[in-house]
Amino acid sequence: MGEKSVGHSRRDVLRFAAASAVGLALPGGLSVASATPAAPGGASGPLRSAGVLTFGPDNVLFVGDITGAKVHAFALRDKDLTSQADVISGNFHNFEGRDQVMGLDQKLAALFGTTIDKIVINDMAVHQPTEQIFFSVERGRSTDTIPAIVKVNHGQLEILELDSIPHSQVSIPNEPDSKAMLEFEPQQTFAITDVEYYKGEIFVSGITNQRFASTLHRIPYPFNSNMATCTVEIWHPTHGQFETRAPIIRHVIRELNGDAYLFGVYGCTPLVRLPLSALKDGAHVHGDVIGELGYGANPLDMLTFTSPADSKDYLLVTIDTRSASQIAVTDLASAPPEPTGGGIDFGPGGLGRTQRALPIKAEHIAVLNSKWVVLIWRHPKTTYRLDLSTLALPYFFERKDGMSEMNWPNGPDPFHYREHQSDLSNQ
């Protein structure tokens, strides 16, 4: 496909991150309008690689650093953030989103003075109070990789200068050696697969070099010497076996009926429930598989949102090779675990049988506000480039990208689209 094929799968992204060497200083003062580097700056700061992102309280941005075997916490200041509340997200009533940055890969390449095949976007996070979007980006491959955090400011890309931002970090123990291999890729690729903040702690999933490799760390923030590390196993019906090495790839934490749970999705997409009360230091925890979302696929992102259509909460899992899965949050706590033992069962099973399939094909997705998500995608009319765009909740489709009877100027209008044709507000 030529340039159409330069987008990387999440597995490729993590592999590049695992192969990163020490990050070099990024050119400071770059802008999309000019590809001419200014004097060297401290954009990469303490990062050796830039992986998963999540925000905590007090404007703290957590960054997973696989090569450095650390999670970093950057306490962003007011000057590091710019409100994007005045940016129009689209016409909500008509399911018409907006392209916030067209040709994102091309503009990142220009920003870093390279070509699009040398740019990898590892993750995306939204700072909810300002609605500002942040990316973890790496320029180059292997030993020449340079990590950075990039933010979007009214459609323009800006490098976050990390050296000047108050910073703390915590080391992740027992990370696989950089030369240790899985069958197809380095083990280190999956050393830090996700980070989630919840009530004064971060929860870090990934694999270690230990016998039971699938591991969860719960680490107090602000960081101190305390860390609870437990290993995790599941019975995976699709494989017909207990699994102790494959890691949770994406996870979220929710309180349901007075109890807190970690919900995770593995490769081959089993949905797993773990009570936080069981995640104690030294514990070996059995996770309940409560849904098989479909075999032969990998989760990309996992989030919860409140639907403006019915005010109910839903879990959304985007998947690389099939439609996204939507499941009611109220079903997560009550769903019975799938039976343990037995032969291979390709499912879908449990909540996988009642999941709602949504037409999302995104490399990254995040909640922007109560009515919009933002995603990085190659949508049907712009497959030659990577765009940053919005989609309206809760249906996650872009009406203008399809063709139907309602598109005719004098055609039927059962959803009253024409009443809102001039409505460009962010409501």
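Is arginine 273 buried or exposed, and at what relative accessibility? At 9% relative accessibility, arginine 273 counts as buried, since the cut-off for that class is under 20% relative accessible area. Please keep in mind as you read on that this is a predicted model.

**The partner of arginine 273**

The side chain of arginine 273 meets that of aspartate 288 in a salt bridge, with an N to O distance of 3.8 Å. Arginine 273 belongs to strand E19 (residues 270–275) and aspartate 288 to strand E20 (residues 284–292), so this pair ties together parts that are 15 residues apart in sequence. Aspartate 288 has a relative accessible area of 26% and is therefore partly exposed.

Now to glutamate 96 and arginine 399, whose side chains form a salt bridge at 3.1 Å, N to O. Here distant parts of the chain are linked: glutamate 96 sits in strand E5 (residues 96–97), arginine 399 in the segment after strand E28 (387–392), and the two are 303 residues apart. Glutamate 96 is partly exposed, because its relative accessibility is 22%. Arginine 399, at 17% relative accessibility, counts as buried.

**Further salt bridges**

Arginine 418 and aspartate 413 make another such pair, again through their side chains, at 3.8 Å from N to O. Arginine 418 is partly exposed, with a relative accessible area of 31%, and aspartate 413 is partly exposed too, at 22%.

| Pair | Distance (N to O) |
|---|---|
| Glutamate 96 and arginine 399 | 3.1 Å |
| Arginine 273 and aspartate 288 | 3.8 Å |
| Arginine 418 and aspartate 413 | 3.8 Å |

How many salt bridges does the count come to? The count comes to 12 salt bridges. Which residues are linked in a network of salt bridges? Asp105, Glu363 and Arg378 are linked in this way.

**A nonpolar patch on the surface**

Tyr295, Ile344 and Phe346 form a nonpolar patch on the surface, and together they have about 340 Å² of accessible area. Where does isoleucine 344 have its place? Isoleucine 344 is found in the loop between helix H3 (330–334) and strand E24 (349–350). With a relative accessible area of 56%, isoleucine 344 is exposed, because that class begins over 50%.

Notes. Residues numbered from 1 in each chain as written. Predicted model: local features only at pLDDT ≥ 70, side-chain atom pairs only at ≥ 80, totals over all residues. Heavy atoms only, no water. Salt bridge = Lys/Arg side-chain N within 4 Å of Asp/Glu carboxyl O. Helix = DSSP H or I, 4+ residues; strand = E, 2+ residues; numbered from the N terminus. Buried < 20%, exposed > 50% of the residue type's maximum accessible area, 1.4 Å probe, protein only. Patch = residues over 30% accessible without salt bridge, like charges linked within 9 Å, V, L, I, M, F, W, Y side chains within 5 Å. Areas by Shrake-Rupley, 256 points an atom, 1.4 Å probe, with all protein chains shown as cover.
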